[in-house]
Structures are given as C-alpha cells and as structure tokens.
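The sequence and structure come first.

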2 protein chains.
Amino acid sequence: MAEIESIARLVNELSKLPGVGKKSAQRLAYHIISLPEEQVRDLAVAIFNGKKQVHYCSVCGNFTDVDPCPICTDHDRRKDIICVVKDPRDVNAIERVREYHGLYHVLHGVISPMNGIGPDDIRIRELMTRLASGEVNEVVLATNPDVEGEATATYISRLIRPMGVTVTRIAHGVPVGGELEYTDEVTLMRAFEGRREI
Amino acid sequence: MAEIESIARLVNELSKLPGVGKKSAQRLAYHIISLPEEQVRDLAVAIFNGKKQVHYCSVCGNFTDVDPCPICTDHDRRKDIICVVKDPRDVNAIERVREYHGLYHVLHGVISPMNGIGPDDIRIRELMTRLASGEVNEVVLATNPDVEGEATATYISRLIRPMGVTVTRIAHGVPVGGELEYTDEVTLMRAFEGRREI
C-alpha cells in the first residue's frame, strides 16, 4: 500500500508512548491530522516545551522549570520534614491531598537487585547531604508499599536512624501491592495521618 | 500546589486527545518529560509535520502529501472501479487487506439528519463529477453497516444507478452495527468478495 510517510512516522512515534498500541496510535494520528492546524501546533509545542523547560530541581529532584523548585523555596512550608518518594508523579499525588506541607525528596527509582539498581543508582546520597544540615527532624518514607518500595524504605531508615532523625513510613492505608500514583486522596490522607516510626 | 506550568499545559493538551483522560494525560506527560530530548523532538515534529504536510487528495479526498494521492495516480490500479468510504481510516483498513485494487472516494462523513448532515455536506457531488467521465463501471459502497452508513449507501445508489454504473454494497460479512475500522482482515475480505449489486 502507498502509505503516506508523514502519517506513518506519526503513527510510529505515537505507538512508542506507554499504553498506546498500533491501533490507538493510528486512531490518534488520524484525529491529530483532522484537528485545526493551530490546535496541532499547541500540542506539538506543549510536548516540546514540556521537555525543554522542565528539569530536575537540584535540591529535591522533582520536576521544575525554576531551580530550586517552587516547593523547596516556598516559605509557607515546613523545612524540618522531608517526604521521600520514588517518582515526581508521586509528589503530584501527595500534593493533590493538600494535607502534607513539608519538603520532598525524589529518589528517581527504588532499590531493585533484580533490575540491577542498587542504593548508589538512586538519589539516596543527595538525601543524606540534605540531612547533614541538621535542619530536618523527620523523614517520611513514602515509597510504594510493594516489595521494592519496602526494601528501599528499610534501607534508608537504617542509614538515617543513627543521625538522630525521626524516620516514619506512611501507614498501610495505601493498599499493599498498589501504586501510590493511583491511590485515592482519602486513602492517601489516612496513610499520612497513620504514619509510624520505623 | 505549585504546579509547573509547562507540565500543566502539556497535560491539558494531551487530555484533549480522544480516549485520553486526565490521569492518562498525566502519565503520558511524565513519560514524555522523562524521555531523551531527541525522542521528544521527533514526536513533536512528527505531530506538527503530520498535520502540516498531509492534505486531502483533490480527486479522492483521502489524506496525502502529494496531489493527486499515490493511489489515484497508481498505474497498477484499476480505474474502472471506485470504492466509497466514510473516512480516510477506512481506506487504510481496506488497503491492509490487499484484496481491492481499484480507486477510492472518501465522503468525509455520512448522511445524518440527526446531526444536521445532509447529502450536500459530504463529498457526494465530487463523486458524481468523477463518474461523469464515463471511465467508471462499478461503485462499491463501503460505508459502515450501521443506520447512517446504510442510508448513505441507499441514497448514493439511487443517484448513480440511472447513470448506468453498476453499484455494489460490501456484503454483511462486516458485523452489523460495527465499525469498519476495527473489522479484522478476513471479515473485510469476505465482505469484498460477497459484494452484491443494489
């Protein structure tokens, strides 16, 4: 078949996205081509700028377009508590609850020997550097309640406890085996309220 | 929450796509931001060019980046038979079967009084102009086998028959009430083989 090259390339690029198969990519491509040119430009620009303008915060590791990020520099937030999460999207999930008002630390991964990811491959060293300042009294470990998340939390808690910092773990209000990102807000709130020292 | 503006804009643009809700848009956005910059550029460019370079063929109405489209100008295809479909994606579905070797005519819609779409709002006039050349011996009506598709087929067949052109309808191998785009290739092939004059 005489496939149009620019369509084929678009379908190919779209099908690389997570959860987008060949058929959905095709559907999306035809939809995009049918849109007004202005709307397509907005989409393309948003994608390009989203990548270009967003970097990691040099302090907490979260996505940001200024450095340090707005959360790290927010004067209304408590500076004595740090919540440790796996991904930027977990920060987003916790922020939606509007219950937690401390700082964050994004690990960008969890310890996973199966995948060859050790403690040095995620941002644990950067967390230790932040704690060395002595301003932080509590670290809330909010990694996912799955095997790797629990192992990472245990590993970090063993590192931190000797420093005299309180280490807590979000409560098992978050369903075991689940993903933090998809937890509803009430459950996430319970998880924060019920956090316990480990 | 201090939402990053470029992320918010990206999520907003992505959530306008069909079948992409707020949560999937967020997931896609975070995925895109985590990609290497080159890959993101490829995606943005593919989207932009997909729209910019693709137009409607002035003859058949299908998507193309040259005019007339490669199918209309293909010397190996039969010029005496035209297959009439609703959408460019239906052309794509039929081409995948590699069973049909004639020309196409894309209506860009079907007659739908409920939605205020009459015969003049779709490319029926352009079809009549093509038939006036006298080169075409058969028109295969391959609109969807739903109420509007059947009505459109009936309408067009009544217009064409007086011109002495054979009018056929793809057989009901295509499941009634279904969508042509999602029909498997064997069923589509049966539907072509079993087409009957109406």
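## A buried pair in chain B

Glu95(B) and Arg77(B) are both buried (under 20% relative accessible area; exposed is over 50% and partly exposed in between, with a 1.4 Å probe and protein chains only). Glu95(B) and Arg77(B) form a salt bridge, with 2.9 Å between the closest N and O atoms; the term requires a side-chain nitrogen of Lys or Arg within 4 Å of a carboxyl oxygen of Asp or Glu. Helices (H or I, at least four residues) and strands (E, at least two) are DSSP runs numbered from the N terminus.

## Basis of the values

This is a predicted model, in which local features need pLDDT of at least 70 and side-chain atom pairs count only at pLDDT 80 or more, while totals for chains, interfaces and linings use all residues. Side-chain values use heavy atoms, without hydrogens and water, residues are numbered from 1 along each chain as its sequence is written, and chains are lettered from A and ligands numbered from 1 in the order in which they are written.

## Other salt bridges

Over all chains, the structure holds 12 salt bridges. One of them joins the side chains of Glu13(B) and Lys16(B) at 3.3 Å, N to O. Glu13(B) is buried at 8% relative accessible area, whereas Lys16(B) is partly exposed at 42%.

In chain A, the side chains of Glu5(A) and Arg9(A) form a salt bridge at 2.6 Å, N to O. Glu5(A) and Arg9(A) are 4 residues apart in helix H1 (residues 5–14), which means a separation of about one helical turn. Glu5(A) is exposed at 51% relative accessible area, and Arg9(A) is partly exposed at 36%.
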